[in-house]
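Read each task, have a go yourself, and then follow the worked solution.

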Amino acid sequence: MGLRAVLLFLIVFASCSKDNVNNDIDIPNESENPGVPGETTSFVPCENGFAGDYPCNGYDLLGHIPMTALSAQSGNDIWGWTDASTGKEYALMGLDNGTAFIDISDTEYLMYLGKLPTTTTASSWRDIKVYGDYAYIVSEANAHGVQVFDLTKLRDAVGNSNEFEEDGRFTGIGNAHNIVINTATGFAYPVGTNRDDIYNGGVHFLDLSNPTMPVAAGGWGINGYTHDAQVVTYTGPDTDYTDREIFVGANETQVVVVDITNKENPVAIATLPYPNIGYTHQGWFTEDQRYFILGDELDEINSGFRSRTLIFDMTDLDNPLLHDTYLGPTSAIDHNGYVLGNDFYLANYTAGVRVLDISDIEGKNISETGFFDTFPQNDNTEFDGVWSVYPFFESGKIVVSDISNGFFVIKKSE
């Protein structure tokens, strides 16, 4: 059984085995707003280590929508969009059967607006990114391609009964595990496609000049399958690559760094091996692009680590070095992680969202400053709980997707 099949079995098994437990959870101070479908209210402050039933430190619960209200069996990725015309903030949450759209603008009420159904079949994996006013959605569902959705349609949406239609679809790929977008260049990068395609399951380049009609523009597959990636227009310390478009891929057994400025002639820069590799999963640059913070999804299972985060010094892109290793307080599996300023927001599956202070990353002083655990059942080393976190809203609201327990909005306590 391949790794993808093993992970699918584990996630589905974990989700199914928790159904009865999740249904028994009491969500305190949460109620439907009478007569207005899709709105919920559930502000609960973090006091004495809990926000209701949820363990926490320094982060309040602003709202929660359970998976049942989203009419789905499980959740996965999450991203955000701010409407530049209205200032409203929206969460885009991946579900097994589609993509949910939630208006989080009103602090007191969450408005679940509806969903864009999956193009083909249901899948435990779906990923969403935004370019301008458009969402780009991929899935492991067979023959799914890249869905394009015009987010401005959400302005007039009311209630939770909307079944939205896509506004475009790229069919030059079938399934994909993830999609990356460099908003500075207007290119999208689906990764984790079929391993036997033209780029060996690596990365495809898509030109988004016409947002609803992406155009294939090449790819890179020399390093094999890419599970996740970040693409940046480089402004970091290595002046040899200033203003170049740099791809950093998590490729199962290594991190790969590639200059993809010339889409017709990408150039390999470096690979980043590290000890006790389980499954090289996902990483993110610090804002100065000096350090790359990486998570390995299977090292906790294979090697018995507490949640392990690896930090690479990328001062010289041709010769990256492992700078430091941070071990969290639990044995939960780390998943997606994102940097905002001096904070690293880590989706830590059963241990919830963990927030790390990276202000002295150079001095190897990394510490946890807060957390919010959407999965209070346990902190076990298993595939359940928080899949991803999006901390980039100007309001300071943080949206969280939990595989079994649904959608959450949290915010740092005042």
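**Exercise 1. Is serine 71 buried or exposed, and what is its relative accessible area?**

A word on the ground rules before the solution. This is a predicted model, in which local features need pLDDT of at least 70 and side-chain atom pairs count only at pLDDT 80 or more, while totals for chains, interfaces and linings use all residues. Residues are numbered from 1 along each chain as its sequence is written, and side-chain values use heavy atoms, with hydrogens and water left out.

Step 1. Buried means under 20% relative accessible area, exposed over 50%, and partly exposed in between (1.4 Å probe, protein chains only).
Step 2. Serine 71 has a relative accessible area of 51%, so this residue is exposed.
Step 3. Now find its place: serine 71 sits in the loop between strand 5 (59-65) and strand 6 (75-82). Strands (E, at least two residues) and helices (H or I, at least four) are DSSP runs, numbered from the N terminus.
Step 4. Check the backbone. Most residues other than glycine have a negative phi. Serine 71, however, has a positive phi near 55°.

**Exercise 2. Find where glutamate 252 lies, and decide whether it is buried or exposed.**

Step 1. Look in the loop between strand 20 (245-250) and strand 21 (255-259), where glutamate 252 is found.
Step 2. Glutamate 252 is not a glycine, yet its phi is positive, at about 75°.
Step 3. With 16% relative accessibility, glutamate 252 counts as buried.

**Exercise 3. Describe the surroundings of aspartate 296.**

Step 1. Aspartate 296 belongs to strand 24 (residues 291-296).
Step 2. Its relative accessible area is 0%, so aspartate 296 is buried.
Step 3. List its contacts (heavy atoms within 4.5 Å). Leaving aside neighbours within four places in sequence, the partners of aspartate 296 include Tyr274, Asn276, His281, Arg308 and Asp334.
Step 4. Glycine 278 is also in contact with aspartate 296. These two residues are 18 apart along the chain, and their C-alpha atoms are separated by 6.3 Å.

**Exercise 4. Trace the pairing of strand 4.**

Step 1. Two strands pair if DSSP finds at least two bridges between them.
Step 2. Strand 4 (residues 54-57) pairs with strand 3 (residues 50-51) in the antiparallel sense, over two bridges. Here alanine 51 stands opposite tyrosine 54.
Step 3. Strands 3 and 4 form a hairpin with two residues between them, and glycine 52 in the turn has a positive phi of about 70°.
Step 4. Strand 4 also pairs with strand 30 (residues 365-372), again antiparallel and over two bridges. The bridge partner of cysteine 56 in strand 30 is phenylalanine 372.
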